[in-house]
Amino acid sequence: MRIPGTSAWKRRRFGRLCVEVAVHIDEIVDGELPATRKAKLLEKHMTGCNSCRDEAEVVRALKRGIARVAQEADPEVVERLHKLARRLCSGESHDV
Amino acid sequence: MATSTEVDQNERFDKLIVPQMPFLARVARSMSHSAAEADDLAQETLLKAYRAMDRFDGSHPKAWLARIARNTAINRDQRNREFLLSEDGIVEPEEGSADGSDPEAIVVDADVDEVLRRALDELPPAFRVVVQLVDVEDLSYQEAADALEIPVGTVMSRLHRARRRLRQALSGTHLDREKQS
């Protein structure tokens with residue numbers, strides 16, 4: 001039996017929280033974890049756990065990378081859309 | 001001569017939808033297998049959006065456009081239907097396999113963008129569009145779920161699996177470089 005407050009109890013609890021962070025890492029990084037007691041617990045855990053902070057940083061870095069490479073819209077497609085929008089607004093919608 | 005209602009609709013279209021053209025181009029690309037297909041999808045979506053302006057309440061134009069694009073895509077052919085509705089298509093990394101867990105490798109390496117771009121292209125559209133909506137367009141899980149007409153849990157699961165797949169792709173590149181040096 002593990003006694004609350006002892007170092008063995010803290011290690012075991014810390015490990016369980018790491019697993020919880022891993023399960024919810026996307027929601028944590030995306031700011032989508034509902035503000036519950038559990039969320040506060042995980043947030044507190046992450047301030048003291050390098051491994052969980054690193055995991056969150058990996059997901060953040062990935063998000064930044066995705067945003068960087070997928071932000072660009074094909075300018076020709078955008079131009080054609082603008083042309084179509086102008087035609088529609090000028091009353092040519094029935095011809096399209 | 002345009003009626004006052006038509007003028008009003010055109011003004012709403014111009015104000016709410018026209019600024020979203022880059023968004024529409026990106027989302028159509030994320031739902032398509034090729035640039036040509038994306039171009040057609042974007043144009044058809046815009047046309048449908050224009051014709052449905054009187055039924056649009058004006059809130060969340062991005063989510064509204066994405067929903068029209070999604071419905072248009074799955075109605076176009078069976079292939080799109082399968083890809084946009086399917087839960088399959090991503091091979092899960094094996095347990096213990098490298099998963100791109102070095103943040104520096106992701107943000108610093110010069111060719112990472114190219115690898116990431118290719119890995120995104122290789123994702124099935126059902127997964128790629130969720131990544132696009134959440135990570136690029138900043139939609140919430142709920143907004144993405146509404147736009148794609150899927151449960152929030154499906155958004156979360158597709159996002160998680162897609163990110164794992166992307167991390168794995170990045171990690172492979174990093175390891176390859178280490179092997180060469």
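A polar contact is taken here as a pair of N or O atoms within 3.5 Å, where, within protein, one atom must be able to donate a hydrogen and the other to accept it, and residues adjacent in sequence count only if both atoms are side-chain atoms. By this rule, 14 residue pairs, both members at pLDDT 80 or more, are in polar contact across the interface of chain B and chain A. The model is predicted, with local features requiring pLDDT of at least 70 and side-chain atom pairs counted only at pLDDT 80 or more, whereas totals for chains, interfaces and linings use all residues. Residues are numbered from 1 along each chain as its sequence is written, chains are lettered from A and ligands numbered from 1 in the order in which they are written, and side-chain values use heavy atoms, with hydrogens and water left out.

On the side of chain B that touches chain A, two or more residues each come from α1 (4-17), α2 (21-30), α3 (35-51), α6 (103-108), α7 (112-122), α8 (125-136) and α10 (152-180) of chain B; helices (H or I, at least four residues) and strands (E, at least two) are DSSP runs numbered from the N terminus. This side of chain B comprises 23 nonpolar, seven polar and nine charged residues, the classes being nonpolar for Ala, Val, Leu, Ile, Met, Phe, Trp, Tyr, Cys and Pro, charged for Asp, Glu, Lys and Arg, and polar for the others, Gly among them. In terms of contact (heavy atoms within 4.5 Å), 39 residues of chain B meet 32 residues of chain A. The two chains bury about 3,300 Å² between them, 65% of it on carbon and sulfur atoms; buried area is the accessible area (1.4 Å probe) that two parts lose on being put together, summed over both. Within chain B, the residues that lose the most area to chain A are Tyr141(B), Arg163(B) and Arg167(B), which together account for 16% of what that side buries.

Side chains of opposite charge can pair when their charged atoms come close. With a salt bridge defined as a side-chain nitrogen of Lys or Arg within 4 Å of a carboxyl oxygen of Asp or Glu, 17 are found over all chains, and six salt bridges span the interface of chain B and chain A. Arg68(A) and Asp113(B) form a salt bridge at 2.7 Å, N to O. Within chain A, a salt bridge joins Glu20(A) and Lys38(A) at 3.0 Å, N to O. This pair links distant parts of the chain, 18 residues apart, with Glu20(A) in helix α1 (residues 7-29) and Lys38(A) in helix α2 (residues 37-48) of chain A.

Helix packing was described by axes, which are lines fitted to C-alpha atoms, for helices over the stretch in contact, with angles running from 0 to 180 degrees between N-to-C directions. Helix α3 (residues 50-70) of chain A and α7(B) have axes that come within 9 Å and cross at roughly 80°. The two helices are therefore roughly perpendicular, a class covering 65 to 115 degrees, while angles under 35 degrees count as roughly parallel, over 145 as roughly antiparallel and the rest as oblique. In this contact, Leu62(A), Gly65(A), Ile66(A), Arg68(A), Val69(A) and Ala70(A) meet Asp113(B), Leu116(B), Arg117(B) and Leu120(B).

Within chain B, α2(B) and α8(B) pack at about 150°, their axes 8 Å apart, so α2(B) is roughly antiparallel to α8(B). Their contact has six nonpolar, two polar and three charged residues. The axes of α4(B) and α9(B) lie 7 Å apart at an angle of about 35°. There, Ala63(B), Ala66(B), Arg67(B) and Arg70(B) meet Glu143(B), Asp146(B), Ala147(B) and Leu148(B).
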